[in-house]
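Please look through the sequence and the model shown below before reading the account of its packing.

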Amino acid sequence: MHITRAELKREAKDYIIITFGLLSYAMGWAAFLIPYQITTGGTTGIGAIIYYAVGFPIQYSYIIINAVLMTFAIKILGPKFSLKTSYSIVILTLLLDVCQRLVKNPDGTFPQILGPGQDFMACLLGSVMCGIGLGVVFNCNGSTGGTDIIAAIVHKYRDVTLGRMVSACDCLIISSCYFVFHDWRRVIFGFVTLLVIGYVLDYIVNSARQSVQFIIFSREYDKIADRITKETHRGVTVIDGTGWYSKNHVKMLVVLAYKRQSVEIFRLIKDIDPNAFISQSSVIGVYGEGFDRLKVK
């Protein structure tokens, strides 16, 4: 299959953005969660519990567990699952190691940047950074593996939703930290971290996918339509209309696009016709080719 230069450029951009997202995730762990002995769900959470219990580095546990899971995933789900997931696992392993080295004291201990007793604030800051990182990764169709892989495998053979399976795994992982600390406060911090990560993750993903509708009136409608189609890769519908006051026939363009494309669309319209009449409105959901897939049964 021939890959165009534009597609290659888009894929390269995705991998760069994924790397920055993983950096935020790794720094959230190294700077806030590990120094205050806070855990959360996923294979990173398992690695953290192992580290708190026996001192085995979190990044090594993370890659070992994911390597085993990916082996089963490739056999069961096929080799296309998934190049970006494999990339994320390898890069996150490296970044976890690098960020911990940057944060550690010369004697190998982790400094509590916020000061002693600031566990809850560290929990919030660390989980926000992790949520931002995961949101960025997911927006580029990436994944950090872990419980996502387990959920995908179970979902293939059992009628269990992915979200329910991931939640069950995360609850089990967080609850198990009680056997390390014998402190229910640590368990509560773990669930708070999980909730904050989930909230921030959903906010970033939904914000990036928020859609808008443009209605554009312009004598240069054909030039505007051509540029929107070529430069933003969004469809344009031309509708015939009549100005009731002037009784003149007009052409009206209807465009559905992601909110992040709004500035680009406004700029290209202004370049062609600064006097164009434009209406922009937010839409609750857009489903179909180029947007979200319709999932109603």
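The model is a predicted one. The protein holds 11 helices and 4 strands, and of its 297 residues, 41% count as buried. Among the contacts with a separation of 6 or more, 70% are made by residues 24 or more positions apart.

**Nonpolar cores**

The largest nonpolar core has 44 residues, and the members that touch the most other members are L22, W29, I38 and L92. At least two residues of this core come from each of α1 (5-33), α2 (42-54), α3 (58-77), α4 (83-103), α5 (119-139), α7 (162-175) and α9 (184-209), and the greatest contribution is that of α1, which gives 9 residues. When neighbours within four places in sequence are left aside, the contacts of L22 are S88, I91, L92, L95, V137 and T144.

In α11, the buried residues include S262, I265, L268 and I269. Because these residues cover an arc of only 140 degrees around the axis, they lie on the same side of α11. The face turned away from that buried side carries R267, K270 and D271, which are exposed. As for what the buried residues of α11 pack against, the partners are β1 (211-217), α10, β3 (249-258) and β4 (277-283).

The pairing with α10 can be described through its geometry as well as its residues. The axes of α10 and α11 come within 10 Å and cross at roughly 145 degrees, and the crossing is right-handed. The residues that meet across this contact are listed by helix below.

| Helix | Residue range | Residues in the contact |
|---|---|---|
| α10 | residues 221-232 | K223, I224, R227, I228, E231 and T232 |
| α11 | residues 262-272 | E264, I265, L268, I269, D271 and I272 |

Sorted by class, the contact of α10 with α11 comprises 6 nonpolar, 1 polar and 5 charged residues.

Terms used
Residues numbered from 1 in each chain as written. Predicted model: local features only at pLDDT ≥ 70, side-chain atom pairs only at ≥ 80, totals over all residues. Heavy atoms only, no water. Axes fitted to C-alpha atoms, helices over the stretch in contact; angles between N-to-C directions. Left-handed = near helix turned anticlockwise from the far one by under 90°. Contact = heavy atoms within 4.5 Å. Nonpolar A, V, L, I, M, F, W, Y, C, P; charged D, E, K, R; others polar. Core = buried A, V, L, I, M, F, W, Y, C linked by side-chain atoms within 4.5 Å. Buried < 20%, exposed > 50% of the residue type's maximum accessible area, 1.4 Å probe, protein only. Arc of directions from axis to C-beta.
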